[in-house]
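Look at the model first, then follow the text from strands to helices.

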Amino acid sequence: MGYISEKTVQEIFDTVKVEDVVGDFVHLKKRGANLIGLCPFHGEKTPSFTVSPAKGIYKCFGCGAGGNAVNFVMEHETLSYPEALRFLAQRYNIEIEEEESSEEYKEQQRLADSLYIINDFAQKHFAAQMQTDYGRSVGLSYFKERGLLQKTIDRFGLGFANGRNSDLLQTAKAKGYDLELLQKAGLATQYGNDFFRTRVMFPVHNLSGKVLGFGGRMLGNNKKQPKYLNTPESDIYQKSKILYGIYQARQAIVKAKECYMVEGYMDVLALSQAGIENVVASSGTSLTPGQIQLVKRYTPNLTLLYDGDKAGIKAALRGLDLILEQDMNAKVVLVPEGEDPDSYLQKVGLKAFRAYLEQQATDFILFKMNLLLEDKADDPLARAELLQDIVGSIARIPDSLKRATYVRSCAQRLEISEQILHVEVNKRIAKAQADAEKDARREERQQARRQQRGQEFQQLAPGELPPPMEEDQFGPDGQDEFGPENIAGPKTDQQTGPAPVLGHFQEKDILRLLINFGDRAWPDTEEADTLAEFILLDMGELLAEFDHPLYAEIIELCIERLDEGEPINSQYFTQHPKAELAQLAINLLADPYIYSPGWERLNVYLNSQEMPEQNHVADAKSGILRFKLHKQERLLAENQQQIKQLQSQPDKMEDLILHLKIHQKLKAQQTELAAQLKTVILR
């Protein structure tokens, strides 16, 4: 399979309608020029999810999700970019034209296909082994003793690996399979032996039913061997992204609108055979974001069904924060201590087992709180630690309404002020956001250093070493000039007053104009043909003054497209291959304000100014003026710094007089810009 051709990709983007694609999954209502509905990516009761047919985007102002039709399919259906394109091509009957893949990509695909073929052969081999005399007496008898019917054994493709050192390996060689591929698939060891021996085998399938790997349970009493052995990580087997039974359970999960998560293979098999088919297993591993996303693809409702012993409780608590971060509706059911879901089902029967699930299902946060309160009810210090633990979990919930509900419940249960809990939760959220921003800034600084280092190496003579990186180049302690630490601009003495704010709002506003209205016709054709041309020509050398690296990159793209005679429009940016750039464009296109339906019904519209979509000319002119005023204020601040330094140097009187004249000129220009904007300068 090759790459989808650029021609086909463009045809898909030109054909699909975001409102139709989203409308397949979300009930939308007309609201002015847009459509609104309940966001499918987080729980909400009041619609904050907006679809703009004119702009070809969707945006949720509750959770921040946004994108075009392809992004929606990728997010909602948990598909990769190529998979989403194929999904939409099939929906709109678009024939996919493929281009030749790179040799590296072809090699990766060939290897993956080969591993799938090897695993399919191994699964059939293990299944056939249960039909031998030895296999029936050891492997098949084990499954029968555990209560499994033949239809369950066949449905899940169970098998048996006999105890001979190289049984699978020799059979594979005889059929022409390559030893190196068997090793890459995790079926053979480096010593030329079978990886699985004397074990009952549980094939692990992906969503399309292909065998990714195996889990093998030891039979016998060899204490030197682990009870369960799993396929080693490979190009196709990545344990953190795999759930046992998901292939067999996916339709039942959708139908039941709920998924049960258990720990072991046999739990899945027993429950599925009894009729509870919406069940999967994490196969003994701690839950991972990839596994949770796999469930979320089919339902937002996840119930952990674990053993009631300490290990089961610990496993349940480990996955709590990850599940909450994914905005899942999570519950916990612990079977009685000494039992597991399989044994307890066999003990009480299906009817009583279902009743137990309904009665014992406890909301995740309340489960954690009640569990911890059992041991800490009378200890003030322990209760304080418990409170911090609960607050940390609640703070991970993306949905603010859901957070508020949990805060109220916990406040009542813990007999503490609801306001105090809110304050503590907000502190945790603010800290998490600050940490994320700090990490992003650190990465940006490191990237800048790497780029500069690369440029220095390119400019060196043969054998010459580059100079060491100056520590203060990115501010004290590696902080960049425009990070939140220095948001008030260059440091000044208290006598000179605060420096102008050095945020990126004005730069971002110019981008908003270019992306939203860049291809709109400009009314004065002697000045420019389009709004983008007017902005880029009017700003001239100021275009080099963009400080934010991503904003500067977009400006460069606009200049290139203008030079090449290509249109500067929203589609170009929202479909850009660089995800960070495309997401910024979508955020700038999304309008958080919509007209009340009552206004339109009563024919009430703006009277004091044009409608926003018709006001781009005045908006562009004022945006340019704000940008110029912002840069003028920064020049003033820098010049004032020079004046202050020169005032303490008597021998620099001529330089001081020059900078004072510059100050007067800059102030005059600032006043003129402020007058054009009809704004007041307070300093």
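## The sheet and its helix

Strands β4 (residues 49-52) and β5 (residues 57-60) run antiparallel and are joined by 4 bridges. Thr50 stands opposite Lys59 in β5. Keep in mind that this is a predicted model.

The pair belongs to an open sheet of 5 strands. The order is β2-β3-β4-β5-β6, and the pairing is antiparallel. Its edge strands are β2 (29-31) and β6 (66-67), each of which pairs on one side only. Strands of a sheet pair through backbone hydrogen bonds, either parallel or antiparallel.

Helix α25 packs on this sheet, where it touches β5 and β6. The direction of α25 makes about 80° with that of β5.

## Two helix pairs

Two packed helices are described by the angle between their axes and the distance between the axes. The table gives both values for two pairs.

| Helix pair | Angle | Axes |
|---|---|---|
| α23 and α25 | about 85° | 11 Å apart |
| α21 and α22 | roughly 150° | within 9 Å |

Take α23 and α25, which pack at about 85°. An angle from 65 to 115 degrees counts as roughly perpendicular, so α23 is roughly perpendicular to α25. On the α23 side, the contact is made by Leu550, Tyr551, Glu553, Ile554 and Leu557. On the α25 side, Glu580, Leu581 and Leu584 take part. By class, the residues of this contact are 6 nonpolar, no polar and 2 charged.

Now take α21 and α22, whose axes cross at roughly 150°. Angles over 145 degrees count as roughly antiparallel, so α21 is roughly antiparallel to α22. Helix α21 brings Ile510, Leu513, Leu514 and Phe517 to the contact. Helix α22 brings Leu531, Ala532, Ile535 and Met539. This contact has 8 nonpolar, no polar and no charged residues.

## Helix α21

How far apart are the end C-alpha atoms of helix α21? They are 18 Å apart. That agrees with expectation, because the 13 residues of α21 (residues 505-517) should span 18 Å at 1.5 Å a residue.

Is α21 mostly covered or mostly uncovered? It is mostly covered: 10 of its 13 residues are buried. Among them are Gln506, Glu507, Asp509 and Asn516. Ile510, Leu513, Leu514 and Phe517 are also buried, and these four residues of α21 take part in the contact with α22.

What covers the buried residues of α21? The cover includes α22 (531-539), α23 (549-563), α24 (570-574), α25 (579-589) and α27 (616-647).

Note on methods:
Residues are numbered from 1 along each chain as its sequence is written. This is a predicted model: local features need pLDDT of at least 70, side-chain atom pairs count only at pLDDT 80 or more; totals for chains, interfaces and linings use all residues. Side-chain values use heavy atoms; hydrogens and water are left out. Helices (H or I, at least four residues) and strands (E, at least two) are DSSP runs, numbered from the N terminus. The expected span of a helix is 1.5 Å times one less than its number of residues. Buried means under 20% relative accessible area, exposed over 50%, partly exposed in between (1.4 Å probe, protein chains only). Contact means heavy atoms within 4.5 Å. Axes are lines fitted to C-alpha atoms, for helices over the stretch in contact, and angles run from 0 to 180 degrees between N-to-C directions. Angles under 35 degrees count as roughly parallel, over 145 as roughly antiparallel, 65 to 115 as roughly perpendicular and the rest as oblique. Ala, Val, Leu, Ile, Met, Phe, Trp, Tyr, Cys and Pro count as nonpolar, Asp, Glu, Lys and Arg as charged, and the others, Gly among them, as polar. Two strands pair if DSSP finds at least two bridges between them.
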